[in-house]
Amino acid sequence: MTPTLTPPSEAAVPPAAGEQCDRCSAAAKLRVAVAGGGDLVFCGHHANKYAEQLVKIATDVSVDPELTWRGTQLMSEN
């Protein structure tokens, strides 16, 4: 069996003020770093709507302190 190396993930930084959700124009409240590079940002509504899928692909997550993200509980259950 050949081992597979994954590059270390860079820590996700919180969404910057004025940054917008990737799905709508609302203020971003969650940043998710994904394997393979890149990141996604979402407003609170879309962050919670896609929480189950985001938990599966996230290598690092940064949540705005004002947001209660459903994914936090899902991550602790695994």
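Which backbone oxygen does the side chain of Gln 20 reach?

1. Basis of the note. This is a predicted model, in which local features need pLDDT of at least 70, side-chain atom pairs count only at pLDDT 80 or more, and totals for chains, interfaces and linings use all residues. Residues are numbered from 1 along each chain as its sequence is written, and side-chain values use heavy atoms, with hydrogens and water left out.

2. Gln 20. The side chain of Gln 20 reaches the backbone oxygen of Ser 25 at 3.4 Å. Gln 20 lies in the segment before strand E1 (30–34); strands are DSSP runs of E with at least two residues, helices are runs of H or I with at least four, and both are numbered from the N terminus. Once neighbours within four places in sequence are set aside, Gln 20 is in contact (heavy atoms within 4.5 Å) with Ser 25, Ala 26, Ala 28 and Val 41. The C-alpha atoms of Gln 20 and Phe 42 are separated by 7.3 Å, although these residues are 22 apart along the chain.

3. Of the 78 residues of the protein chain, 31% count as buried.

4. Overall architecture. The protein chain has three helices and three strands, and from the N terminus on its elements run β-β-α-α-β-α.

5. The sheet. The three strands form an open sheet in the order E2-E1-E3, with antiparallel pairing; two strands pair if DSSP finds at least two bridges between them. Strand E2 (39–42) and strand E3 (58–63) are the edge strands, each pairing on one side only. From one strand to the next, the twist averages 15 degrees. E1 and E2 are joined in the antiparallel sense over four bridges, and Ala 33 has Asp 39 in E2 as its bridge partner.

6. The cysteines. Cys 24 is partly exposed at 31% relative accessibility, whereas Cys 43 is buried at 6%.

Terms used: Polar contact = N/O pair within 3.5 Å; in protein donor to acceptor, adjacent residues only side chain to side chain. Buried < 20%, exposed > 50% of the residue type's maximum accessible area, 1.4 Å probe, protein only. Axes fitted to C-alpha atoms, helices over the stretch in contact; angles between N-to-C directions.
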